[in-house]
Amino acid sequence: MKLLHMLYDLCSLYGDYANVLALKRALEQSGEQVEIDRLSAADIPRDIDFSSYDFLYIGPATEKNQAVAAKLLAPFRDGIKAALDGGTIMLAVGTYEIFGKSITDSKGAVTEGLDLFPYHSVQSEQRTVSDEQAEFGGIPVIGFINRCSEIYDIDEPFFTVKQGVGNSAADNTHEGVISGNFYGTHIIGPLLIRNPDMAGYFAKLLLERQEIKGGNYADNRS
Amino acid sequence: MRMFAAVLICRFLHFVGGLLGRGSSLPGLVALKIYPDILAHIKLPKAVVAVTGSNGKTSTVEMAAHILKAAGKKVIFNREGSNQIAGAASLILSACTLSGRVKCDVILLETDERYARHIFKYFSPTHYVITNLLRDQLTRNGHPEWVYNSIEPSIPRDTVLVLNADDPLVSCFADRADHTVWFGMDKQPFDTDKNTGIYDDGKFCPKCKAPQVYDYYHFNHIGSYHCTACGHKKADTDYTVTSADLDNAEIVINNTHKIKLSFASLYNVYNILACYAICSLIGVDEKLTCSSINSYVLKNGRIVRYRCGVNHGVFLVSKHENSVSYDSSLRYIVQRGGECAVIIIVDSVSRRYETGEISWLWDVDFGILSADSVKHIYLSGKHADDLSVRFSYTDVSPEKITVIPDIGEMTDTVAKTPYKMLYTVTCFSDKEKFLSRTQKEED
């Protein structure tokens, strides 16, 4: 199983690198061999093949670094989309904003997103800070939110908020986004460490995906 | 008339607060209600020194106050916890004549990173010291760049900035004022050529975000750097630790002035350096500054010796939600080298607010404790289990770890088990929960 920690050095806040370690451990406990590649923002190979990974992860960043990440990843938009369409699972914490349409900063300047999804975010000079209790598909989740943006036009949210804040001041019942194989959230803590059942959820998704892949492989041979 | 009333009431409340043993921001708060922009109409002394940054504010201000007093200056300074606008107003107005003139030679003002802009809307500090910008209390601070953006508008053009040249983010402030004085440390034997922490906040240039290259790191992202694209780099320093010998607890400033350290940590070295710069800029003779620092013992309780049952211990006050502070304590323990056991307590994450935010545990390099000299580790407090999970992702052998969430029970266990030395690492917020169960020992 291959995991890619994208822009691990640029998008690195709140100890969220540990999400990748938690997932690795959950997979290893299921008997999988796991390899983690780390992609540096200082050196992105032009020919990087996102589809060769089972799982993509990107962590939270400062607002300035997030804007840099959007620019750095823009040339790889189609490669990331192809990977997601092909069954690669992705978790983005915080920086999931860059995969939407745009990010407007507190002074009104707009950073284009990768436009994979229809949401957009608007930053302000106030931070939204809150302990968080939420739920996803019967899995209770705890964590913390620390962001300066409101996110609008999310079709399908990731979490139902039990206590805490949602995607915007106008919607405090839904947090994060799901679109196909893409999962985005602002819950830090780190999410998969504090919530082993969430790590288990992603591990299960990956194991099921591998079984299907294995099945296809067998089909192709026959 | 409003001035007269506001100052009178502030002084009265300050006096009453003193009788009750309470220093606080309340007198300033009341004065500001009576006369909101009173601070713009005060006649300030010739030197008003502001000190802000993530770490070292309180220590630097207290040390500088000690030296300036020894040099015969009349000094007023605020205590930690009263570093927002009401605290500053309390300090200044309580030392005012009824006509609004501050009766001192120097004001030393520790200012909260996020509130400085509200204070310096009304008056300008003559000198503005910024110590460092590190990951600290991210729950309320967001991240260091967010703090940078909060401090930036508080810097008046005509102030003399006194900046830590070794911090690439702090160095960016130089663009804000006409005059900058730099302090920093030359290359030392203990430096590393790679960042050894869990995260690397110096990897990219804070100005243009191109990769940065370091000649050496002192700790975290503090060291000698240059940007590969825009030319941002460590400035030449005016006040320099030219040699730092932590084993013998001795530093040399500007190749001439030797100072003994009461506590051999890099933090303390930077605090002393910032303090030396302040005193020199205010005109204190440098020899006098050095002799005052040499006689100054850190009285802020960050190091306490204790006895716990059969064991002698050292209590290292660290800061929760501040990975650099933890790393520094853990490194101190391992650098001492002797066989020891280590107690880590995380019970109340913050002194100021209720939170279960523990992501900062993942920024702390607990793997430092895999050193052979560390024979056992006790994890305690409400977050003992979170600590235990954190340790399970380090190289520290699980046999070395005992988890006892109840602090009393943990202390009883440790008291009965002989170790050559004990170290306790925790925050102010949890300090007494442990120390009240031990006996204090003199140095």
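If you want a pair to click on, Val317(B) stands opposite Thr426(B) in E17(B). Before I go on, keep in mind that this is a predicted model.

So what else pairs with E17(B)? Strand E14, residues 340-345 of chain B, also pairs with E17(B) in the parallel sense, over 4 bridges. There, Val342(B) has Tyr423(B) of E17(B) as its bridge partner.

Now, E17 itself. Is this strand of chain B, residues 422-427, mostly covered or mostly open? Mostly covered: 6 of its 6 residues are buried. Side chains in a regular strand alternate between the two faces of the sheet. Here, Leu422(B), Thr424(B) and Thr426(B) point one way from E17(B), while Tyr423(B), Val425(B) and Cys427(B) point the other way, and all are buried. So go back to those two bridge pairs for a second. Thr426(B), the one opposite Val317(B), and Tyr423(B), the partner of Val342(B), point opposite ways from E17(B).

Staying in chain B, there's an open sheet I'd like you to look at. What's the strand order? Reading across, we have E2-E3-E1-E4-E5-E6-E9-E10-E11, that's 9 strands with mixed pairing. At the edges sit strand E2 (75-77) and strand E11 (257-260) of chain B, each pairing on one side only. From one strand to the next, the twist averages 20°.

Let me zoom in on the E11 end. Strand E10 of chain B, residues 250-253, runs antiparallel to E11(B), with 4 bridges joining them. One pair to find on screen is Glu250(B), whose bridge partner in E11(B) is Lys260(B).

How does its radius of gyration sit with a compact globule? For 222 residues you'd expect something near 17 Å, and chain A has 17 Å, so that agrees. Along the principal axes, the C-alpha atoms of chain A fill a box of roughly 60 × 40 × 30 Å. As for burial, 52% of the 222 residues of chain A count as buried. And if you take contacts in chain A between residues at least 6 apart in sequence, 68% of them join residues at least 24 apart.

Last bit: confidence. Chain A averages a pLDDT of 95, and 96% of the residues score at least 70.

Definitions and conventions: Residues are numbered from 1 along each chain as its sequence is written. Chains are lettered from A and ligands numbered from 1 in the order in which they are written. This is a predicted model: local features need pLDDT of at least 70, side-chain atom pairs count only at pLDDT 80 or more; totals for chains, interfaces and linings use all residues. The radius of gyration is taken over C-alpha atoms; the globule rule is 2.2 Å times the number of residues to the power 0.38. A residue is buried if 20 or more other C-beta atoms lie within 10 Å of its own, exposed if 12 or fewer, and partly exposed in between; C-beta atoms are placed from the backbone. Two residues are in contact if their C-beta atoms, placed from the backbone, lie within 7 Å. Two strands pair if DSSP finds at least two bridges between them. Helices (H or I, at least four residues) and strands (E, at least two) are DSSP runs, numbered from the N terminus. Axes are lines fitted to C-alpha atoms, for helices over the stretch in contact, and angles run from 0 to 180 degrees between N-to-C directions. pLDDT is the predictor's confidence in each residue, from 0 to 100.
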